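This report walks through one protein chain, part by part. Keep the sequence and the structure in view while reading.

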Amino acid sequence: MRYQAWRENISVLFEVSPHNSSPLENDHQAFMAASDLSGTALGLTQAQSQVFSRSQRRITEDQLGLILIQYFHSGGGLINEQAQLVPGDMLIIDTEQPIHSKLTDFSNLTLVIPHTVKDKLLPCLEKLHAKRISGDDPLVSLFGEHLVALWRKLPEMNLVQAEATIHGAMGLFHSWLSVDGSVTEALEPAANHAVGEVIRRYIERHLAEPLDVDQLTQQFRISRTQLYRVFAPWNGIASYLRERRLLRSREMLMSRLLRSHSIGAIAFETGFNSESHFNRAFRARFGLTPGQARSEAAEVSTGGRSEDHSNDYPTDIRRLIQGLSSSSSSFRSGERALQAQR
């Protein structure tokens, strides 16, 4: 396979580069295949040693909003210069957070879960971003074996069966979380999932309004303590509101349909009381100003990227991932297996 073809297609998720400065050979060995599970996806990746990363700038540009649960059945590597993965381990990646991984030759299965679906399957997975999950734990091993079996059986399944199997896989994962003391505290709000989901939906519809603790406790007739507990994974309700407003403003700034809206108008429509405050918060969160984010989005949409080699690689995996990143919580009909090998 030509390395450029591989790089263009994997770039939908990661920036890739060799471990050292020398270029990878044109006969770079790699394989990628994926199956659309109607709202989630399961993919198999095999590749030679290289570096995978997502920078803060890249996160701002593509707004994927995906959780990747990766099971390594061969190979491994170093994650963020800290966690050392070995065969049998799992890794969780939130595409809204930076990561830098140096992988050896590897083969892994990746379960791709959009943020919009994640909260229905297992809330707060993003709290485990870049965490090595040891395959020495029997429940983790069982989860990995479940993904391998699912991958092998997918051609024989219909959509209903595949969806049920995914829920079963997440049940196994939840079982591990419930007995692993090192992560239970971080995921405690899962116990408050029902009320938390209702409040978050309300917040999404009223971001432009001056929401605060008193208003939300009165609206939902809950105590301040319970509200704080629900939003503990996001460092509190104020932090959650700021994050949601910033993410919404980024979506609006990068939308072609809203280019006539001024930056100040977008700031007020997402709940910021001044444009200067919005500019400071946006730059602190995304590493560039609102104007720069809008300009970069315009460049991409008008073909500012380098030559597109995606047709060199006979697959629709790029479109599948991009579709998941912008999908709603409703499931889409249809099933397709997508394979790519060269």
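## Strand E5 and its partners

Tyr71 stands opposite Met90 in strand E8. The model in which this pair is seen is a predicted one. Five bridges join strand E5 to strand E8, which covers residues 90-94, and the two strands run antiparallel. E5 is also joined to strand E10 (residues 106-114), by eight bridges, again with the strands running antiparallel.

Is strand E5 largely enclosed or largely open? Seven of the nine residues in E5 (residues 66-74) are buried, so the strand is largely enclosed by the rest of the structure.

## The chain as a whole

The chain has 342 residues, and 50% of them count as buried. Its secondary structure comes to 14 helices and twelve strands. The accessible surface is about 16,100 Å², and carbon and sulfur atoms account for 49% of that area.

Contacts can also be sorted by how far apart the two residues lie in sequence. Taking contacts between residues at least 6 apart, 74% join residues that are at least 24 apart.

Strand E2 (residues 30-36) is mostly covered, with seven of its seven residues buried. In a regular strand the side chains alternate between the two faces of the sheet. In E2, Ala30, Met32, Ala34 and Asp36 point one way, while Phe31, Ala33 and Ser35 point the other way. The residues of both groups are all buried.

The pairing of E2 with strand E3 (residues 41-47) is antiparallel and extends over seven bridges. Within this pairing, Ala33 stands opposite Leu44 of E3.

## An open sheet of five strands

Another part of the chain forms an open sheet of five strands, in the order E1-E4-E9-E6-E7, with antiparallel pairing. Which strands lie at the edges? They are strand E1 (15-17) and strand E7 (83-85), each of which pairs on one side only. From one strand to the next, the twist averages 20°.

At the E1 end of the order, three bridges join E1 to strand E4 (residues 50-54), and these two strands run antiparallel. Glu15 stands opposite Ser53 in E4.

Most residues other than glycine have a negative phi. Asn80 has a positive phi of about 50° although it is not a glycine. Glu81 also has a positive phi, near 60°, and is likewise a residue other than glycine.

Asn80 is found in the loop between strand E6 (77-79) and E7. Glu81 is found in the loop between E6 and E7 as well. Asn80 has a relative accessibility of 28% and counts as partly exposed. Glu81 is partly exposed too, with a relative accessible area of 46%.

## His129, a buried loop residue

His129 lies in the loop between helix H3 (115-121) and strand E11 (132-133). Is His129 buried or exposed? Its relative accessible area is 13%, and the cut-off for buried is under 20%, so His129 is buried.

Leaving aside neighbours within four places in sequence, His129 is in contact with Ile92, Ile93, Asp94, Gln97, Pro98 and Ile99. The C-alpha atoms of His129 and Thr95 are separated by 8.9 Å, although the two residues are 34 residues apart along the chain.

## Helices H10 and H12

Helix H10 (residues 237-253) and helix H12 (residues 275-286) have axes that come within 11 Å and cross at roughly 90°. The two helices are therefore roughly perpendicular to each other. On the H10 side the contact is made by Glu243, Leu246, Leu247, Ser249, Arg250 and Leu253. On the H12 side it is made by Phe278, Ala281, Phe282, Arg285 and Phe286. By class, this contact has seven nonpolar, one polar and three charged residues.

Asn279 is placed in helix H12. Its relative accessibility is 29%, and it counts as partly exposed. Beyond neighbours within four places in sequence, Asn279 is in contact with Ile263 and Pro290. The C-alpha atoms of Asn279 and Ala267, twelve residues apart along the chain, are separated by 8.5 Å.

Note on methods
Residues numbered from 1 in each chain as written. Predicted model: local features only at pLDDT ≥ 70, side-chain atom pairs only at ≥ 80, totals over all residues. Heavy atoms only, no water. Axes fitted to C-alpha atoms, helices over the stretch in contact; angles between N-to-C directions. Helix = DSSP H or I, 4+ residues; strand = E, 2+ residues; numbered from the N terminus. Parallel < 35°, antiparallel > 145°, perpendicular 65-115°, else oblique. Contact = heavy atoms within 4.5 Å. Nonpolar A, V, L, I, M, F, W, Y, C, P; charged D, E, K, R; others polar. Pairing = 2+ DSSP bridges. Buried < 20%, exposed > 50% of the residue type's maximum accessible area, 1.4 Å probe, protein only. Areas by Shrake-Rupley, 256 points an atom, 1.4 Å probe, with all protein chains shown as cover.
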